[in-house]
There are 2 protein chains.
Amino acid sequence: MSISLFTFEPWATIHQQQVEDALARVMPSEETSPARLHSAMRYAVLGGGKRVRALLSYAAAELVRAPAKSTDAAAVAVELIHAFSLVHDDMPCMDDDDLRRGKPSCHKQYGDATALLVGDALQSLAFQTIADTNAPQALKQVQVLAQATGSRGMCGGQSIDLQSTGLLLTRSELETMHQYKTGALIRASTLLGAYAAESTSEAHISLLNQYSENMGLAFQVVDDILDATADTQTLGKTAGKDALQEKSTYVSLLGIEEANALVKRLYEQTLQLLAGFDKQADPLRAIARFICERTS
Amino acid sequence: MSISLFTFEPWATIHQQQVEDALARVMPSEETSPARLHSAMRYAVLGGGKRVRALLSYAAAELVRAPAKSTDAAAVAVELIHAFSLVHDDMPCMDDDDLRRGKPSCHKQYGDATALLVGDALQSLAFQTIADTNAPQALKQVQVLAQATGSRGMCGGQSIDLQSTGLLLTRSELETMHQYKTGALIRASTLLGAYAAESTSEAHISLLNQYSENMGLAFQVVDDILDATADTQTLGKTAGKDALQEKSTYVSLLGIEEANALVKRLYEQTLQLLAGFDKQADPLRAIARFICERTS
């Protein structure tokens, strides 16, 4: 197995632009009433981020050769859910963060009330975008995304996180929290891409579930490493917050060295997982590498 | 046309209990992790409210003779969306209301961060509940509900409301705001009930659209009348807030007498609309009367 013929950068750039364009189309213009809300939604969503979740949707869709239109909808939906969670997480009653993607966070720019509504409306728009495709497996996509977003997914993980600040978590408790908080949406991102096809085999779903589990964990461990080692300017968000807030992290639990070794191990396992596939799995391999080796 | 053989109270009581039971089933128990979030979700949703939106779903389903199971899901979904909007609207950065359905509002009981997550998770659960039915028109229901909830529905109406406080609105501006803020979800409630059937005729949808438009308007005018005339204990929420916050209302715009006359006119028009139907429209007639004559 080799990834020498596939280069990640141009593939990622094309698909980052593709989801950016699709996001810009799906959100009402700043002139559409209510103008302030639509302006704030576009501010929160457009022009930033690595779009890792969208890339996962596109990569999984490539594995199963799904059509472009319903793949765009999947990529848009997972990015809208991600953006909504960032807007709400940054609010004063949650993480109280003034900076997001190098800009003032949504509530700093538009006020708390509008930020609250922005998050709510972005969530609705995610489900609407999927439903509007009328694609054969759209209802399945709604199921997966709703479960990943709700109380036994992203929102649930955030709730466990809130309750855990200042407590020492075991590694198993930490993993449960992150499976909910970030893992669930990463899994949904790949599955929504796969369900963008007319039909999807159980074998593909099972493979993507394993892939997502590895990547969800790797993503969080890298996040913790970066929070502990990178600076605010590089990250585009406030660095060093975990230690400040006395949060249990993979770094506080394992130390930097063992955390780095865990990421390396997850990356190698993931390449093994994809060993039976030809170049249709190249994007999945490249994203795995990107997630494990990113520096911001 | 006569409603003498149909009595609203027993029909409403049965269906209020039916949606209450379905809501209690669809929400994870207070023992399911994250326990605090699930406890707060159940606190915010169960044991209160007139369930007008659920009754509209059941009444519309009765008109088109939809099966019980997917009608329950429709009724649950619209009540979850309504409950989520109340939790977020009551938060300090929005209406800052301490009292809801005669109890401390969700953020007073569980804190702002949990209330934020409760609203987010209830919204996801609404879409999940519909999608999980796998009913023939479930995707259509997701479309209608997402549109009614988002930036050109309920959230949009709330945004216009925020921007309008202290301003004098024209009647047309006031109607637009309320069409978004409450009308959209009332319309979605009847349409989701109708789409609980295996298929739904254009004629039924068109009738229910007109019915919903009248009822959305009547509901809001009555709300404004009650806010101006009833006391906090009767309402189970803080009375007299509109005048205090200098909000434009149908009462401030038309005066009490003309507002009452408008409600009466809307009720009569709605009975006319349903004149061609037999007893399958009795629940819709009775809800119209209830909405127009309610005192809390």
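Trainee: Is Arg101(B) buried, partly exposed or exposed?

Mentor: Keep in mind that this is a predicted model. A residue is buried at 20 or more other C-beta atoms within 10 Å and exposed at 12 or fewer. Arg101(B) has 14 C-beta neighbours inside 10 Å, so it counts as partly exposed.

Trainee: And what is the phi of Arg101(B)?

Mentor: Look in the loop between strand S1 (99-100) and strand S2 (103-104) of chain B, which is where Arg101(B) sits. Arg101(B) is not a glycine, yet its phi is positive, at about 50°.

Trainee: Which peptide bond in chain A is cis?

Mentor: Go to the loop between helix H1 (8-26) and helix H2 (35-45) of chain A, where you'll find Pro34(A). Omega is near -5° there, and the cis bond runs from Ser33(A) to Pro34(A).

Trainee: What is omega for the bond that joins Ser33(B) and Pro34(B)?

Mentor: Pro34(B) lies in the loop between helix H1 (8-26) and helix H2 (35-45) of chain B. The bond joining Ser33(B) and Pro34(B) is cis, with omega about -5°.

Trainee: On to symmetry: what kind of axis relates the two copies?

Mentor: Chain A goes onto chain B with an RMSD of 0.0 Å, using a turn of 180° and a shift of 0.0 Å along the axis. The copies are therefore related as by a two-fold rotation axis.

Trainee: Which residue of chain A comes closest to the rotation axis?

Mentor: Both copies use the same surface, as 100% of the contact residues of chain A recur in chain B. Going by C-alpha, the residue of chain A closest to the axis, at 3.0 Å, is Leu139(A).

Trainee: Last one: how are H10(A) and H14(A) oriented, roughly parallel or roughly antiparallel?

Mentor: H10(A) covers residues 202-229 and H14(A) residues 282-293, with axes 9 Å apart and an angle of about 25°. Angles under 35 degrees count as roughly parallel, so H10(A) and H14(A) are roughly parallel.

Methods
Residues are numbered from 1 along each chain as its sequence is written. Chains are lettered from A and ligands numbered from 1 in the order in which they are written. This is a predicted model: local features need pLDDT of at least 70, side-chain atom pairs count only at pLDDT 80 or more; totals for chains, interfaces and linings use all residues. Helices (H or I, at least four residues) and strands (E, at least two) are DSSP runs, numbered from the N terminus. Copies are superposed by least squares on the C-alpha atoms of residues with pLDDT of at least 70 in both. Two residues are in contact if their C-beta atoms, placed from the backbone, lie within 7 Å. Axes are lines fitted to C-alpha atoms, for helices over the stretch in contact, and angles run from 0 to 180 degrees between N-to-C directions. Angles under 35 degrees count as roughly parallel, over 145 as roughly antiparallel, 65 to 115 as roughly perpendicular and the rest as oblique.
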